[in-house]
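Please look through the sequence and the structure shown here before reading on, and keep both in view while you read.

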Amino acid sequence: MPKIALYKFFSFFFYAYDLAERRHVHVEAKKGRFRKPAKIWIEGGVEVFDAGNLTQSELNEVCKVIERNLESLNHQFDQFARGKKVRLLNLK
């Protein structure tokens with residue numbers, strides 16, 4: 001589960017066992033003791049599949065960040081799927 005990107009207090013990551021699914025990213029807020037990451041599709045448009053513990057406001061913000069950085073996130077996914085090293089991105 002490599003952490004592939006950071007934005008404010010959000011961490012973005014992939015799971016290796018998810019590679020056969022529709023392309024997506026997991027997002028977790030670094031807050032609270034128990035965290036359940038959101039699962040957001042990035043293939044065929046940005047779409048929330050599972051909100052996890054993120055609030056609607058946080059989901060809206062994260063989706064906008066994903067849309068702005070979609071090309072970089074897709075590149076990270078491709079690198080990860082090929083077994084290549086993934087560098088940590090600081091998203092804007």
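Predicted model: local features only at pLDDT ≥ 70, side-chain atom pairs only at ≥ 80, totals over all residues.

Residues are numbered from 1 along each chain as its sequence is written, and side-chain values use heavy atoms, with hydrogens and water left out.

Helices (H or I, at least four residues) and strands (E, at least two) are DSSP runs numbered from the N terminus, and two strands pair if DSSP finds at least two bridges between them. Six strands make up an open sheet with mixed pairing, and their order across it is β5-β4-β3-β2-β1-β6. Strands β5 and β6 are at the edges with a single partner strand each, so one side of each has no neighbour in the sheet.

Within this sheet, β4 (residues 38-41) runs antiparallel to β5 (residues 47-50), and three bridges join them. Ile40 stands opposite Val48 of β5. The two strands β4 and β5 form a hairpin, with five residues between them, and in its turn Gly44 has a positive phi of about 75°. Four bridges link β2 (residues 10-13) with β3, again in the antiparallel sense, and here Phe13 is found opposite His26 of β3.

How do the helices lie on these strands? Helix α1 lies across β1, β2, β3, β4 and β5 and runs at about 55° to β2, whereas α2 lies across β1, β3 and β6 and runs at about 160° to β1. For these angles, axes are lines fitted to C-alpha atoms, for helices over the stretch in contact, and the angles run from 0 to 180 degrees between N-to-C directions.

The 12 residues of α2 should span 16 Å at 1.5 Å a residue, and the C-alpha atoms at its ends are 16 Å apart, which agrees; the expected span is 1.5 Å times one less than the number of residues. Its buried residues (under 20% relative accessible area, with a 1.4 Å probe and protein chains only) are Leu73, Asn74, Gln76, Phe77, Gln79 and Phe80. These buried residues of α2 pack against β1 (3-7), β3 (24-29), α1 (56-68) and β6 (89-90).

Gln76, which lies in α2 (residues 70-81), is buried, with a relative accessible area of 3%. Leaving aside residues up to four places away in sequence, Gln76 touches (heavy atoms within 4.5 Å) Ile4, Phe14, Val86, Arg87 and Leu89. After α2 comes Gly83, with a positive phi near 80°.

How values were computed: Buried < 20%, exposed > 50% of the residue type's maximum accessible area, 1.4 Å probe, protein only.
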